[in-house]
Amino acid sequence: MNNEKILIIGANGQIGTVLTQALRDLYGQDQVIASDLAAVPTMPAGPFETLDVLNAVRLGEIVRQYGIGQVYHLAAILSAKGEQHPKWAWEINMGGVFNVLEAAREYRLKVFFPSSIASFGPFAERQNTPQHGPLEPTTVYGISKVAGELWSQYYHLRYGVDVRSLRYPGIISYQSMPGGGTTDYAVDIYHKAVLKEDFTCFLSAGTRLPMMYMDDAVRATLSLMDAPAEKVKLRTSYNLAGMSFTPAEIAAEIQKHYPEFRVSYQPDFRQAIADSWPESIDDADARNDWGWAPQFDLASMTAEMLSRLKEKYAR
Ligand code: NAD
Ligand code: AKB
């Protein structure tokens, strides 16, 4: 049980919206301080601070003001947006990591840093991509994630910072919309199905990618952060797997519920990003070190996504 105050940076995003609520449910509303560039109406109720993670002085002020002990640093520019604005993405992704790691060194904070399957590039094995092997990502997002992983390990080895990280697959949720990634199609497709609209996919029908339902992603995150330090043997970032599917397979699963649902394919620049990533991930280290096991597959996730979105749109 954790009684330290927690700061979430980038709390208004796809993962932050759900993780903030999950942490508040666990530890109490006032224990968890949400922060982002600006307040938005969709935020869960509770303390909120405006914070640009590039502003190290403001970050320090918030840490001191609340007596923060843990930081979940979620703010980043994702893969597709990053390719459109590479220098800006690098500045935010790397500047953010440095400010958080420096604050962690100064104030002895425990840190969660999310990495991604984007850390892998075209020379990695595409099936069951192992934990250790070639990375060599070709997107600015992936380069920033690998650099973030290595700097995290450096701060752990050099300064003893307790920083923990997961290489998330594409995350799928009904509560919040994704913010500029290559796996976003796998969220949009459910909305279109429930709204009874046709869907045009920006990846080709056979593009297989690793994905995960939000409930599993949140459970993995909380479980890693809660694990005894001696069980966290990797201080770069853990491979993490849920399921893998193609656009054609998710469409077929949705058609079991909505037989009239139609999908067409118009691959754009995001196809090259997807083609550089693994198709499936070997997460044996996460399973062995701290007991990770996913609960959702494509069928159970699809049933849950469709029923939750139906309820949401009915309201
Ligand atoms: P998102 O784009 O939905 O949210 C990011 C949030 O960060 C936004 O609310 C944005 O306003 C905020 N932000 C941007 N710049 C900021 C700044 N300078 N200072 C403070 N806040 C800033 O992203 P997400 O999907 O919630 O992802 C969260 C983290 O998880 C990211 O680091 C991302 O790389 C990682 N990740 C996400 C996925 C996924 O599928 N969602 C997969 C792998 C890794
Ligand atoms: C993206 O597509 O950029 C993210 C990710 C897999 O990191 N969803």
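Predicted model: local features only at pLDDT ≥ 70, side-chain atom pairs only at ≥ 80, totals over all residues.

Trainee: Which residues of α1 and α7 make the contact?

Mentor: On the α1 side they are Gln-14, Ile-15, Val-18, Leu-19, Ala-22, Leu-23, Leu-26 and Tyr-27. From α7 come Met-214, Val-218, Thr-221, Leu-222 and Asp-226. By class, this contact of α1 with α7 comprises ten nonpolar, two polar and one charged residues.

Trainee: At what angle do α1 and α7 pack, and how far apart are their axes?

Mentor: Helix α1, residues 14-27, packs against helix α7, residues 214-226, at an angle of about 55°, and the axes are 10 Å apart. That angle makes α1 oblique to α7.

Trainee: Let us turn to α6. How is its packing with α8 described, roughly parallel or oblique?

Mentor: The angle between the axes decides the term, and angles under 35 degrees count as roughly parallel. The axes of helix α6 (residues 185-194) and helix α8 (residues 247-257) cross at roughly 25° and come within 11 Å. The two helices are therefore roughly parallel to each other. The crossing of α6 and α8 is right-handed.

Trainee: Which residues meet between α6 and α8?

Mentor: Tyr-185, Ala-186, Ile-189, Tyr-190 and Ala-193 in α6 meet Pro-247, Ile-250, Ala-251 and Ile-254 in α8. Sorted by class, the contact of α6 with α8 has nine nonpolar residues, with no polar and no charged ones.

Trainee: How do the axes of α6 and α11 lie?

Mentor: Helix α11 covers residues 298-314, and its axis comes within 9 Å of that of α6, crossing at roughly 55°. α6 and α11 are therefore oblique to each other. The contact is made by Tyr-190, His-191, Ala-193 and Val-194 of α6, together with Leu-298, Met-301, Thr-302, Met-305, Leu-306, Leu-309, Lys-310 and Tyr-313 of α11. These residues divide into nine nonpolar, two polar and one charged. The crossing of α6 with α11 is right-handed.

Trainee: Which atom of ligand 1 lies 2.9 Å from a polar side-chain atom of Asp-52?

Mentor: It is a nitrogen atom of ligand 1. The side chain of Lys-145 places an N or O atom 2.9 Å from an oxygen atom of ligand 1. Gly-13 takes part through its backbone, where an N or O atom lies 3.2 Å from an oxygen atom of ligand 1.

Trainee: What residues are around ligand 2?

Mentor: They are Leu-78, Ser-79, Ser-116, Ile-117, Tyr-141, Gly-181, Thr-182, Thr-183 and Trp-277. A polar side-chain atom of Tyr-141 lies 2.7 Å from an oxygen atom of ligand 2, and a polar backbone atom of Thr-182 is 2.6 Å from an oxygen atom of ligand 2. For Thr-183, an N or O atom in the side chain is 2.8 Å from a nitrogen atom of ligand 2.

Definitions and conventions:
Residues numbered from 1 in each chain as written. Chains lettered and ligands numbered in written order. Heavy atoms only, no water. Axes fitted to C-alpha atoms, helices over the stretch in contact; angles between N-to-C directions. Helix = DSSP H or I, 4+ residues; strand = E, 2+ residues; numbered from the N terminus. Parallel < 35°, antiparallel > 145°, perpendicular 65-115°, else oblique. Contact = heavy atoms within 4.5 Å. Nonpolar A, V, L, I, M, F, W, Y, C, P; charged D, E, K, R; others polar. Polar contact = N/O pair within 3.5 Å; in protein donor to acceptor, adjacent residues only side chain to side chain. Near = heavy atom within 4 Å. Left-handed = near helix turned anticlockwise from the far one by under 90°.
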